[in-house]
Amino acid sequence: MTITRRQALGLTAGAAAFLTFAPRISFAATAETDAAIKAFTGGATPTEGTVSLDTPEIAENGNTVPVGVTVDSPMTPDSYVESVLILADGNPSPAVATFHFTAMSGAAEAKTRIRLAKTQNVVAVAKMNDGSTFMDTKEVKVTIGGCGG
Amino acid sequence: MAAPKPRVKVPKKASQGEVITIKTLISHPMESGQRKDKKTGELIPRKIINKFSCEFNGQVVFSCDLDPAVSANPYMEFSAKVNEPGTFKFTWVDDDGSVYETEKKITIE
């Protein structure tokens, strides 16, 4: 992909704005995200791995950002993924969606499209049927924010 | 506004035990309730689809809770394991209580 002059200017402006406001905004959002993760896992801190997020590095339009999530699990009636919580820590409200899988899902994979207000981290937390939890975090750079803006 | 139109892509047939991919899309504005009307400056009331589920022969295969951060015209892609011929039933639940449904049949070859 080639970057035009206009896009390059937009990226620079976006990066500058992000750097200026990042400390204040990200602090508030992270506390809310942490609370949402705690509520989902029942207080446990999820470990890294097993779940993986598939997001673009740069999203030109924050109104529709494709997001995929895959959990490494055999998906049998004895061992499967119960649910996966998706959070966006920089949105006005971090909750995005919760997927609920069953043993009939065959594979713990789902894709959707989400809104991102600005450059931020997208978090996926997976809960297994035995109660263990896993998480993955990916940063997505947004050039035009979603959520109306 | 026109009634939301669900669109679903399911393979017509599958072999037994195969894991198939299902793609769904429904036309819906997904108003987040945080956007302001540019003319009046008032908040546009929230209107989102908050629940989606897929059942196969009456058993839940996949379901999802949606929040305002999901894009307009919500798209869902997931998989299902097919052990027998039957019908997939897809349900979307709107904030105002309306329910949009569609069904797809699948055969085993």
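Select B:Thr24 first: this residue is buried, with a relative accessible area of 2% (buried means under 20%, with a 1.4 Å probe and protein chains only). B:Thr24 belongs to strand β3, residues 18-26 of chain B; strands are DSSP runs of E of at least two residues, numbered from the N terminus.

The model is predicted: local features need pLDDT of at least 70 and side-chain atom pairs pLDDT 80 or more, whereas totals for chains, interfaces and linings use all residues. Residues are numbered from 1 along each chain as its sequence is written, chains are lettered from A in the order in which they are written, and side-chain values use heavy atoms, without hydrogens or water.

Next, display the surroundings of B:Thr24. Beyond its neighbours within four places in sequence, its contacts (heavy atoms within 4.5 Å) include B:Val8, B:Phe52, B:Phe90 and B:Trp92.

Now show both chains. Here 26 residues of chain A are in contact with 29 residues of chain B. The two chains bury about 2,300 Å² between them, 50% of it on carbon and sulfur atoms; buried area is the accessible area (1.4 Å probe) lost on putting two parts together, summed over both. Select A:Met104, A:Arg113 and A:Arg115, which supply 31% of the area that chain A buries against chain B, more than any other three residues.

Finally, select B:Glu77 and A:Lys111. They form a salt bridge, their closest N and O atoms being 3.6 Å apart; the term requires a side-chain nitrogen of Lys or Arg within 4 Å of a carboxyl oxygen of Asp or Glu. The count between chain A and chain B is one salt bridge.

Key: Helices (H or I, at least four residues) and strands (E, at least two) are DSSP runs, numbered from the N terminus. Buried means under 20% relative accessible area, exposed over 50%, partly exposed in between (1.4 Å probe, protein chains only).
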